[in-house]
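Here are my notes on the fold, in numbered points. Keep the model open while you read.

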Amino acid sequence: MTFSGFPPSALHLYADLAEDNTKEAWRLRHRAVYERDVRTPMEELAAELSADFAEYAGPDGVSVLGPVRDTRMSRDKSPYKTYQGGYLDLLPCLGFWVHLDRDGLYASGRYYPYGGDEVARYRAAVDEEAGGAELTAIAARLEEAGFVIGGDRLKSRPRGVPADHPRLDLLRHRKIDAGRRLGPGPDLRSARAADFVRETWQLARPLLDWAAARKLTPVSRGQGADAPS
């Protein structure tokens, strides 16, 4: 079927889950709404995006996450996610993201390294004059287009980085996510929501190209490196 947007009930589901995230509530009130108004539209959206980004999607296309949380390493044991996510990775730890939650639809391009080696290489690339200036310009263009440059980052500064470094904000990042949000309204309830994600992913592509060109992603086991922990 063709994607035609997310109904208001999809957002209401996640507002309800924030109040009662239990297996009983899911079984009695949430599951049917989730399957009809969240999961099905997200799979339709993923199918369209897989076709639009077929150059990167490969045979598996855009992946749609399940609703159950992995609570093994979390203090929060609530069983269900309060968002519906989907992603398309171009390389390990580098790709596109989309999710629906109580506040609407969020789409982004993201670089999310596994550990310290990749973070160190990212910071070296930012510290280098030409590479750092290029990323600064990319981030500025994205912010002008309504993006927020987010992701996990230090509150202070990395060890050895001076307080007056011209790219200190970018150097603080351990992960970087450049995205924007489509809130509740007519566009979210229509096929225009797919246009929003397409445009967001296309605009975020220079950020991903920047990381890929500098080989900042983990090396796969097939290329001789150890698998990331």
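**Notes on the fold**

1. Helix α1 (residues 8-19) lies across β2 (84-91), β3 (94-101) and β4 (104-111), and runs at about 85 degrees to β3. Contact here means heavy atoms within 4.5 Å. Axes are lines fitted to C-alpha atoms, for helices over the stretch in contact, with angles from 0 to 180 degrees between N-to-C directions. Helices (H or I, at least four residues) and strands (E, at least two) are DSSP runs, numbered from the N terminus.

2. A word on the ground rules. This is a predicted model, where local features need pLDDT of at least 70 and side-chain atom pairs count only at pLDDT 80 or more, while totals for chains, interfaces and linings use all residues. Residues are numbered from 1 along each chain as its sequence is written, and side-chain values use heavy atoms, with hydrogens and water left out.

3. Overall, the protein chain has seven helices and six strands, in the sequence pattern α-α-α-β-β-β-β-α-α-β-α-β-α. Its radius of gyration (taken over C-alpha atoms) is 19 Å, close to the 17 Å that the globule rule gives for 229 residues, so the chain is as compact as a globular protein of that length. That rule is 2.2 Å times the number of residues to the power 0.38. The C-alpha atoms fill a box of roughly 55 × 40 × 35 Å along the principal axes.

4. Now the sheet. Its six strands are ordered β1-β2-β3-β4-β6-β5, with antiparallel pairing, and the sheet is open. β1 (63-64) and β5 (148-150) stand at the edges with a single partner strand each, so one side of each has no neighbour in the sheet. Two strands pair if DSSP finds at least two bridges between them.

5. Going through some of the pairs: β1 and β2 are joined by two bridges, antiparallel, and Val64 has Gly86 in β2 as its bridge partner. β2 and β3 pair antiparallel over seven bridges, with Asp89 bridged to Gly95 in β3. These two strands form a hairpin with two residues between them, and Cys93 in the turn has a positive phi of about 70 degrees.

6. The crossing is left-handed (near helix turned anticlockwise from the far one by less than a right angle; clockwise would be right-handed). Among the residues meeting here are Leu13, Tyr14 and Leu17 in α1 and Trp26, Val33 and Tyr34 in α2.

7. Which way does the crossing of α2 and α7 go, left-handed or right-handed? It is right-handed. Helix α2 (residues 23-52) and helix α7 (residues 192-213) pack at about 40 degrees, axes 11 Å apart, which makes α2 oblique to α7. For reference, under 35 degrees counts as roughly parallel, over 145 as roughly antiparallel, 65 to 115 as roughly perpendicular and the rest as oblique. Leu45, Glu48, Leu49 and Asp52 in α2 meet Ala194, Val197, Arg198 and Trp201 in α7.

8. Finally, helix α4 (residues 116-127) and helix α5 (residues 129-144) pack at about 90 degrees with axes 5 Å apart, so α4 is roughly perpendicular to α5. Tyr122, Ala125, Val126 and Asp127 in α4 meet Glu129, Gly131, Gly132 and Leu135 in α5.
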